[in-house]
2 protein chains.
Amino acid sequence: MEIIPKKLETVNREPLLIMLSEILATGDEILTGAVIDSNSAHIAQKLEEAGMEVVRHGCVGDDVEALASILKEISTRADLSVVTGGLGPTIDDITAEAAARAAGVELVFDQEAMSYIEDFLKTQGRDVIASNKKQAILPKGSECLVNSVGTAPGFVLRIGRCIFFFLPGVPSEMRKMLSDGVLPWIDKLQKGERSFNLVKTISTFGLAEASVNERLAGLTEKFPGIKLGLRAKFPIIYVKLYIREKDKERANILLENASEFVLNKIGEFAFSADGESMEAVVGGLFRREKATIAVAESCTGGLISHLLTNVPGSSDYFLFSGVAYSNKAKIKVLGVSEATLKECGAVHEETVKQMADGARRVAGATFGISTSGIAGPGGGTHEKPVGTVCIGIATPEAVEAYRFNFQFNQRLRNKRIFAITALDLLRRKLNPHFS
Amino acid sequence: MEIIPKKLETVNREPLLIMLSEILATGDEILTGAVIDSNSAHIAQKLEEAGMEVVRHGCVGDDVEALASILKEISTRADLSVVTGGLGPTIDDITAEAAARAAGVELVFDQEAMSYIEDFLKTQGRDVIASNKKQAILPKGSECLVNSVGTAPGFVLRIGRCIFFFLPGVPSEMRKMLSDGVLPWIDKLQKGERSFNLVKTISTFGLAEASVNERLAGLTEKFPGIKLGLRAKFPIIYVKLYIREKDKERANILLENASEFVLNKIGEFAFSADGESMEAVVGGLFRREKATIAVAESCTGGLISHLLTNVPGSSDYFLFSGVAYSNKAKIKVLGVSEATLKECGAVHEETVKQMADGARRVAGATFGISTSGIAGPGGGTHEKPVGTVCIGIATPEAVEAYRFNFQFNQRLRNKRIFAITALDLLRRKLNPHFS
């Protein structure tokens, strides 16, 4: 769905080759450091991809004076600005007021905005309350931007040389409105005279960031014009290749060649040439193989199942997971032998083999996968310190087990790396020759 | 180890009661969104704790002109500024040059800085190379700040009314230098006359943001000095109360009174007066009751288990979860009757009752909880649209079931609100009189 602001469509008839843009986050939460601002990075990426040049980010608190003042400054420097936050129904949501003050206009009730709010609340079965009406009061001359996923409509307003897009601070709402309302508009404004910022993302797992970097030495010399960035989202490291070019075809070819280079250098540790998540890649492999999966989780506590079932359509291949923290459940549900648990303990190759095989048999799945380990903070021993995990994989042919020791020393990080390691083992089994 | 800059100690002999500060991040990686800036939030927190008022964050790229220009702006507005990034040995590390330009001074070789670099490299068994020498070239009049964990020394420089602390962008180095070099200095400058910033967080679930706001109308009038902020982390809404006071005890009393007011107004929808997560609160109740829990998940796909097991020590009460997407697993593992599944379908009160009871019996747990619903995007029908969920709760006394219909229309949001709703039902059962 594209939502091009109507009034502003005619603001500028000249294609703008270089558009300077600034990003502004508002809110005490971000200013005081209670919340890390991830919106600005997302917006910066999208604006750069759209061929804009981002020159500054800023952040101010919930303070009308401070916000109006920085808006005025931006209005003299930038062609376009995306501002997030402060559009909610509460008293500390002061963005509309500050924008009106910066533009020197009054605030007026916007019937279109009110209709959107009413429609949205209706789909939620909720009533309009007084404070929602505040959200329909916008600076005069601004145009309402639809928010299809929340009550706070955004708005567009020109101040000085700069066109401001005001979006909500809630990341999901902001992202939707950015892609539906802001980016199509930039595209239209540039009338094909733009330069293209393209990005290609390669997902990797199993190498440290420094090692990835080392393997990719020489890339930027070999492919002039390509910019390299690494982005870690624990425990995945994404290799990002950026290019800014007027000729889109040339840009694509360069990017493809550079991507080939990366895949060669990273080898088996690369698992997607399109920036996909591990769970999406593994899900795709199940689908390709017409296979199904059953999981037996101990230390990962449901995370493998949660990841697998985050993928739309996963019910086609995901059958069952037994999250068995207690030995009783391991025995009763997964059929692990009591003797094995007594002899070897819960964190052991033999135990995870029986867990994987048990889950597979219980659910009648093609594959079974299991984890048992010590996520911490407690429960570690000298022999099996926190970070130890055993992983079992049952296929129609055989049952195997692996043991790893990770040193991340944080419960949530351990759960994550245990889960991704298990999925990665399965990926390598299903697709041994990816790159 | 406290490292108070010597030259700057005498800069201001008056205690500064309100010191306005700004935070600036530099570097193309942050500007283009390849990296999310987490440094600024950390610095903001530390400055606020130290009684400073943070008024702005900013970010510019690796561009001498742009950096010099924003430094000049800050030098007219703030008393103190912490700048991160651009101190390394490479060509795009241009912070010293930009600072010199903003201050209108030349760059000079700093023997003290060079000694630190040499000493650090010696401890690492590394040699000084040419590019390290660049790191000892600092703006005239600045003072070197020791970096005990990396090669890049920081520096302090007064420009206009503002004292700038330049720190490296590597988070671990920045944090160490902030605590060793910057904060002790601020403390000294304030000579005990500081004010305290305190925050209290109340966790709520079940009311929309606008309704929370409406219920809290009058709070800031009733408690002058208290600032109210709402923070949504779907589907939880956190009510945050801020206060800035010179008298710490008075601040605490005011905060407690305001918190009482909030808890009264929010009532049953408040689940923690300390900003805890739902899973931690429910876990605490299991512990208090010496109870155990078993889960049967369909549509939540393991998320309830994942949340519960994120809490350290959860193995004391979390026994088992059966994530049963397939009917076969529901029948075989959880003992759901085939007839019920045929008659009522998977998403039905009767089915989730059997699931909850089944999980409870299989694991021998005090409580059983279950979910079955339609997370989407596919699978919805007219009668049971996407967003429908049935939740079962089995206690030693009875088995109950609930049905909800949510309208968030996003798979991950649906999974989250289904899971939190299930945990909240359990919370209300275990602790009917929280607030």
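## A helix on the inside

Seven of the eight residues of helix 12 (residues 303–310) of chain A are buried, so this helix is largely enclosed by the rest of the structure. Buried here means that 20 or more other C-beta atoms lie within 10 Å of the residue's own; with 12 or fewer the residue is exposed, and in between it is partly exposed, the C-beta atoms being placed from the backbone. The buried set is Leu303(A), Ile304(A), Ser305(A), His306(A), Leu307(A), Leu308(A) and Thr309(A). Helices (H or I, at least four residues) and strands (E, at least two) are DSSP runs, numbered from the N terminus.

A word on the model: it is predicted, so to speak of local features takes pLDDT of at least 70 and side-chain atom pairs count only at pLDDT 80 or more, while totals for chains, interfaces and linings use all residues. Residues are numbered from 1 along each chain as its sequence is written, and chains are lettered from A and ligands numbered from 1 in the order in which they are written.

## Chain A as a whole

Chain A carries 16 helices and 17 strands, and its C-alpha trace spans about 80 × 55 × 40 Å along the principal axes. Of its 435 residues, 51% are buried. Take the contacts between residues at least 6 apart in sequence: 68% of them join residues at least 24 apart, a contact being two C-beta atoms, placed from the backbone, within 7 Å.

## Two helix pairs

In chain A, helix 3 (residues 64–77) packs on helix 4 (residues 95–103) at an angle of about 50°, with the axes 8 Å apart. Axes are lines fitted to C-alpha atoms, for helices over the stretch in contact, and angles run from 0 to 180 degrees between N-to-C directions. Helix 3 and helix 4 of chain A are therefore oblique to each other; under 35 degrees counts as roughly parallel, over 145 as roughly antiparallel, 65 to 115 as roughly perpendicular and the rest as oblique. Nonpolar covers Ala, Val, Leu, Ile, Met, Phe, Trp, Tyr, Cys and Pro, charged covers Asp, Glu, Lys and Arg, and the others, Gly among them, are polar.

Over in chain B, the axes of helix 2 (residues 39–49) and helix 7 (residues 171–190) come within 11 Å and cross at roughly 20°. Helix 2 and helix 7 of chain B are therefore roughly parallel to each other. Their contact residues divide into five nonpolar, two polar and two charged.

Two cis peptide bonds turn up in chain A: one runs from Phe234(A) to Pro235(A), with omega near -5°, and another joins Gly376(A) and Pro377(A), with omega about 5°. Pro235(A) sits in the loop between strand 10 (226–233) and strand 11 (236–245) of chain A, Pro377(A) in the loop between strand 15 (367–373) and strand 16 (388–394) of chain A.

Lys290(A) is not a glycine, yet its phi is positive, near 50°. Its place is the loop between helix 11 (278–289) and strand 13 (293–297) of chain A, where Lys290(A) is exposed, with 9 other C-beta atoms within 10 Å.
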